[in-house]
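Visitor: I am new to this structure. Please show me how to read its features, one by one.

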Amino acid sequence: MAEIIDLYTVDRELTGKTARRDEPLDPGTYRMVIHVCIFNRKGEMLIQKRADDIVRWPSYWDISIGSDRRPALTVNFNDGFDDFYTVETDLSLDDLHLQAEEVVDARWASREDIEAMIDDGSFIPYQKGLLGYLFFTRGGKSTWDLADGETVKE
């Protein structure tokens, strides 16, 4: 069954139209992709392994998805918006209920683990600087919280 997505204007307002996720969009319409990065108190991110038969990035490890708060970061792409949210909680892996057609495994991983997985080709090839920023913002911090002259470490 095809995944149906809502379409938005450039100002992120719903158009009332939908499209199949895998089809090209009409000019002036945009999709929204939500990424929720869940961190535990040890500073590890919850990652998920995508199903083998999923259309995009099958069998790759990825960050989690879904949320109801403001994004820590939005990255614009040609026909949409990637919204990244960060949440810090001590969630037990035993409490997860994986949607088998989307996700086949989940585990906690350090930033170094994820970067090594990007290097070996088993993780979606996010930019490492983006990952560094997501790990930095995990407790609700922003660049406003940096001391003068301090930077987010890549």
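Visitor: Which elements of the protein chain have the lowest and the highest mean pLDDT?

Guide: This is a predicted model, and pLDDT is the predictor's confidence in each residue. Strand E5 (residues 61-63) has the lowest mean among the elements, at 89. Helix H1 (residues 111-120) has the highest, at 96. For the protein chain, the mean is 86, and 88% of the residues reach 70 or more.

Visitor: What about Arg50, buried or exposed?

Guide: Arg50 is in strand E4 (residues 45-50). Its relative accessibility is 11%, so it counts as buried. A polar atom of the Arg50 side chain lies 3.1 Å from the backbone oxygen of Trp57. Leaving aside neighbours within four places in sequence, Arg50 has contacts that include Ser59, Tyr60, Asp62 and Glu102.

Visitor: How many aromatic pairs are there in the whole structure?

Guide: A search finds six. Take Trp57 and Tyr60: their ring centres are 5.0 Å apart and their planes stand at 80°, so the pair is edge-to-face. Tyr60 is partly exposed, with a relative accessible area of 25%.

Visitor: Which pair links distant parts of the chain?

Guide: Phe84 and Tyr126. Their ring centres are 6.5 Å apart with planes at 80°, so this pair is edge-to-face. Phe84 sits in strand E7 (residues 80-88), and Tyr126 in the loop between H1 and helix H2 (128-136), 42 residues apart. Phe84 is buried at 2% relative accessibility. Tyr126 is buried at 15%. Ring pairs join Phe84, Phe123 and Tyr126 into a cluster.

Visitor: Last, charges over rings. Where does the charged end of Arg12 sit?

Guide: Over the ring of Phe81, 4.7 Å from its centre. Arg107 lies over the face of Trp61, 5.5 Å from the ring centre.

Key
Residues numbered from 1 in each chain as written. Heavy atoms only, no water. Helix = DSSP H or I, 4+ residues; strand = E, 2+ residues; numbered from the N terminus. Buried < 20%, exposed > 50% of the residue type's maximum accessible area, 1.4 Å probe, protein only. Polar contact = N/O pair within 3.5 Å; in protein donor to acceptor, adjacent residues only side chain to side chain. Contact = heavy atoms within 4.5 Å. pLDDT = per-residue confidence, 0-100. Phe/Tyr/Trp six-rings, centres within 6.5 Å; stacked < 30°, edge-to-face > 60°. Lys NZ or Arg CZ within 6 Å of the ring centre and 35° of its normal.
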